[in-house]
Amino acid sequence: MSRAMGVDYGLKRIGLAMTDLLRITASPFDTIESISIKKNAAKILEIAKANNVSVIVFGLPVNMNGTEGEMSETVRKAVDEIKTLSSDVEVTTIDERLTTAQAERILIEEADVSREKRKGLKDKIAAALILQTYLDMH
């Protein structure tokens, strides 16, 4: 079976999460530094192929009132770039409202992680929350 990958796309860092082979649970996987949409898409696709991923789920940052902002446009461009680079992988988006805030809360309240260590972890955990939401919906 193939895995699914979750992506929390940011301008500085991109958090990645992976499912287990049965696609039951999502786990934080890695964080990559954001360079450019083209290079980021190529790197995400490279990681996806190396890990037998057939579905990539991007969190789409939607405002609390349901509108899409500037970052949503950036995420959509990254999704389109991956679709251009490969037709072997399904790429989709889901509403990611509050996942980064929820990841931050988990790291502070439940894991008691220092501010410095939270930077990279927050993005991976947000990606796992995005991916788990997708799994729960499907």
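Which residue in β4 is the bridge partner of glycine 6?

Modeller: In β4, glycine 6 has valine 57 as its bridge partner. Before going on, please note that this is a predicted model, in which local features need pLDDT of at least 70, side-chain atom pairs count only at pLDDT 80 or more, and totals for chains, interfaces and linings use all residues. Residues are numbered from 1 along each chain as its sequence is written, and side-chain values use heavy atoms, with hydrogens and water left out.

Let's start with the strand itself. β1 covers residues 3-9 and runs parallel to β4, residues 53-60, with 5 bridges joining the two. Strands here are DSSP runs of E with at least two residues, while helices are runs of H or I with at least four, both numbered from the N terminus. Two strands pair if DSSP finds at least two bridges between them.

Now for β2, which runs antiparallel to β1 and is joined to it by 5 bridges. Methionine 5 stands opposite methionine 18 of β2, and a hairpin of 3 residues links β1 to β2.

Stepping back, the open sheet has 5 strands in the order β3-β2-β1-β4-β5, with mixed pairing. β3 (26-33) and β5 (90-95) are at the edges with a single partner strand each, so one side of each lacks a neighbour in the sheet. Neighbouring strands are turned by 25 degrees against each other on average, direction ignored; axes are lines fitted to C-alpha atoms, for helices over the stretch in contact, and angles run from 0 to 180 degrees between N-to-C directions.

Helices pack on this sheet too. Helix α1 (residues 37-50) touches β1, β2 (13-19), β3 and β4, and its direction makes about 155 degrees with that of β1. Contact means heavy atoms within 4.5 Å. Helix α2 (residues 70-85) touches β1, β4 and β5.

Finally, 6 of the 7 residues of β1 are buried, so the strand is largely enclosed by the rest of the structure. Buried means under 20% relative accessible area, exposed over 50%, and partly exposed in between, with a 1.4 Å probe and protein chains only.
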